[in-house]
Amino acid sequence: MDNNEALQAIRQNIRDEKNDIAAIQIMDLASKNQDDPMILLTCCSMLRTIGNDKDFPGVLSVLMSHIPSEEKSKYEVATGLIGLGCLKDAGTILDELEDSDRVLRARAAVMHGTDRDEEALETLGKMGNLEEIDRVLKVQVLGSLGRHDEAIAEAEDILKGSDTYRAGRCYISALVLADRVKDAAKYAKERMKAKNADGYALMAYYQWLNGNSTASGAFSSKALQQDGHHIGALETIGYSFCDKGTYWEAKVAAGAINEIEPGNPAVFRILAMCRNQ
């Protein structure tokens, strides 16, 4: 069985919730590919997906001792590790790379995730071109620093040129963090008037931030009726299930995200919430 066949077999067992079998297969694949960082990274991701924290550190250690020398591959491993929540390890790799917008973006994400927000803001300022994803991160960083007026102003400016779910979620987060909950509710209600997946998903996210998991789940379900592949709605309904202690349903939501976008960080955030309860 070659690597592709092995990966297909593992993913099928994960879909079938045969995690014990999948774990054995993953470790076998990792042991046969100890000099292939991309396979090892995939193995790490799958171990995270099935919640195997026992074997994960060992595979990660092997991966970190076989970091590729080629810049593109190094970057891919680093961003993969960010998605898995291995920020310190990702930062170690990123420090070896030459500055570019994408490397600075990744470094800023690591810094924000490790409570180095002043450094994150400085790093974002070095970028030649801030894309929407970078500006959203800037809003998050400013909010973490308590600079709420600046965060909200930046979020409002993003919305002038974009009505994406990500931009709307960023604005709601900034308002709630600044204790402007009524303004966040008003914006969510306005977006919901469109009766589309993004609008319902944004209301779901607002309700979850406001501590109303039941309403959050209901609005997430409405969004998913419009678009069954809406990552934001799946993520929020996963959080809502966790809050209510229905962890099996939360894991189903995480699995659905993983089917749509394998390795999406939302998968690991939901599963981490399940494990921490």
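Glutamate 17 is exposed, with a relative accessibility of 51%; here exposed means over 50% relative accessible area, buried under 20% and partly exposed in between, for a 1.4 Å probe and protein chains only. The model is a predicted one, in which local features need pLDDT of at least 70 and side-chain atom pairs count only at pLDDT 80 or more, while totals for chains, interfaces and linings use all residues. Residues are numbered from 1 along each chain as its sequence is written, and side-chain values use heavy atoms, with hydrogens and water left out.

Glutamate 17 is placed in the loop between α1 and α2. Helices are DSSP runs of H or I with at least four residues, numbered from the N terminus. The phi angle of glutamate 17 is near 60 degrees, a positive value in a residue other than glycine. Most residues other than glycine have a negative phi. Lysine 195 also is not a glycine and has a positive phi, of about 55 degrees. Lysine 195 sits in the loop between α12 (181-192) and α13 (197-209). With a relative accessible area of 57%, lysine 195 is exposed.

The helices on either side of the loop that holds glutamate 17 were examined as a pair. The axes of helix α1 (residues 3-15) and α2 cross at roughly 160 degrees and come within 8 Å. Axes are lines fitted to C-alpha atoms, for helices over the stretch in contact, and angles run from 0 to 180 degrees between N-to-C directions. The two helices α1 and α2 are therefore roughly antiparallel; angles over 145 degrees count as such, those under 35 as roughly parallel, 65 to 115 as roughly perpendicular, and the rest as oblique. The crossing of α1 and α2 is left-handed, a term for a near helix turned anticlockwise from the far one by less than a right angle, with right-handed used if clockwise. On the α1 side, the contact is made by Asn3, Ala6, Leu7, Ala9, Ile10, Asn13 and Ile14, and on the α2 side by Asn19, Ile21, Ala22, Gln25, Ile26 and Leu29. Contact means heavy atoms within 4.5 Å. By class, the residues joining α1 with α2 are nine nonpolar, four polar and no charged. In this division Ala, Val, Leu, Ile, Met, Phe, Trp, Tyr, Cys and Pro count as nonpolar, Asp, Glu, Lys and Arg as charged, and the others, Gly among them, as polar.

Leucine 7, in helix α1, is buried at 9% relative accessibility. Apart from neighbours within four places in sequence, leucine 7 is in contact with Leu29, Ile39, Thr42 and Met46. Aspartate 28 belongs to helix α2 (residues 19-32). Aspartate 28 is partly exposed, at 36% relative accessible area. Between the C-alpha atoms of aspartate 28 and histidine 112, which are 84 residues apart along the chain, the separation is 35 Å.

The crossing of α5 and α7 is left-handed. Lys72, Tyr75, Thr79 and Ile82 of α5 make the contact with Arg102, Val103, Ala106 and Val110 of α7. The contact of α5 with α7 comprises five nonpolar, one polar and two charged residues.

Leucine 104 is also part of helix α7 and is buried, at 5% relative accessibility. Beyond its neighbours within four places in sequence, leucine 104 is in contact with Asp99, Thr123, Lys126 and Met127. The C-alpha atoms of leucine 104 and methionine 273 are separated by 29 Å, the residues being 169 apart along the chain.

The largest nonpolar core has 90 residues, and those with the most contacts inside it are Leu29, Leu63, Leu81, Leu84, Ile172 and Ile270. Such a core is a set of buried Ala, Val, Leu, Ile, Met, Phe, Trp, Tyr and Cys residues joined through side-chain atoms within 4.5 Å. In soluble globular proteins, nonpolar side chains tend to be buried together. Not counting residues up to four places away in sequence, leucine 84 touches Leu41, Cys44, Ser45, Arg48, Phe56 and Phe268. Arginine 48, in helix α3 (residues 37-49), is buried, with a relative accessible area of 16%. With neighbours within four places in sequence left aside, arginine 48 is in contact with Asp53, Phe56, Leu84, Cys86, Phe268, Leu271 and Arg275.
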